[in-house]
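Visitor: Please bring up the model, and let us go through it by question and answer.

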Amino acid sequence: MVITVSRYRFGQLVDDALDTLPDELLRLLDNVVIQIADRDPDDPHLLGVYHGIALTERTHDYTFALPDTITIFREAILAICATQDEVAHEVAVTVVHEIGHHFGISEARLHELGWG
């Protein structure tokens, strides 16, 4: 049985995850939008994805770029959770994981740090 969480409540969980991050870290988010979608069309099991140019790869000519995006996939997260608490935890982990990519942290390193 798949747990049900409304789109509105799921958005609140993403906001809650962002609220747990230190202000110093949030201030460093540069030109990034966080959005929610149901599933990734190419990989329906993907929980989140970062698209953009990581801060560590931006050069002096990084100007007029479209915002980077972090997408958190609601249905994919709900499909692996059995309780509301698990959903909240998985949302928090996924948000931190994708923000880590914005800061240039590799997939392997995020897993080593427990954010995978």
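Predicted model: local features only at pLDDT ≥ 70, side-chain atom pairs only at ≥ 80, totals over all residues.

Visitor: Which radius of gyration does the protein have, and why does it agree with a compact globule?
Guide: The radius is taken over C-alpha atoms, and the globule rule is 2.2 Å times the number of residues to the power 0.38. The C-alpha trace spans about 50 × 30 × 30 Å along its principal axes. For 116 residues, a compact globule would come out near 13 Å, so the protein agrees, with 14 Å.

Visitor: What share of the residues is buried?
Guide: Buried means under 20% relative accessible area, exposed over 50%, and partly exposed in between (1.4 Å probe, protein chains only). Strand S3, residues 68-73, is mostly covered, with five of its six residues buried. Of the 116 residues of the protein, the buried share is 36%.

Visitor: How many bridges join S1 to S3?
Guide: Two strands pair if DSSP finds at least two bridges between them. S1 covers residues 32-37 and runs parallel to S3. Ile-36 has Ile-72 as its bridge partner in S3. The bridges joining S1 to S3 number six.

Visitor: Which residue of S3 is the bridge partner of His-51?
Guide: Strand S2, residues 48-51, pairs with S3 over four bridges. The sense of that pairing is antiparallel. In S3, the partner of His-51 is Thr-69.

Visitor: Which residues does Thr-94 contact, leaving aside neighbours within four places in sequence?
Guide: Thr-94 sits in helix H4, residues 84-102. Its relative accessible area is 4%, so Thr-94 is buried. Contact means heavy atoms within 4.5 Å. With those neighbours left aside, the contacts of Thr-94 are Leu-47, Gly-48, Ile-72 and Ile-77.

Visitor: What is the phi of Phe-64?
Guide: Phe-64 lies in the loop between S2 and S3. Phe-64 counts as exposed because its relative accessibility is 87%. Phe-64 is not a glycine, yet its phi is positive, at about 55°.

Visitor: Which residues does Pro-67 touch, not counting those up to four places away in sequence?
Guide: Pro-67 is found in the loop between S2 and S3. Its relative accessible area is 40%, so Pro-67 is partly exposed. Not counting residues up to four places away, Pro-67 touches Asn-31 and Val-33.

Visitor: Is His-45 buried or exposed?
Guide: His-45 is in the loop between S1 and S2. The C-alpha atoms of His-45 and Ile-77, 32 residues apart along the chain, are separated by 8.3 Å. The relative accessible area of His-45 is 67%, so His-45 is exposed.

Definitions and conventions:
Residues numbered from 1 in each chain as written. Heavy atoms only, no water. Helix = DSSP H or I, 4+ residues; strand = E, 2+ residues; numbered from the N terminus.
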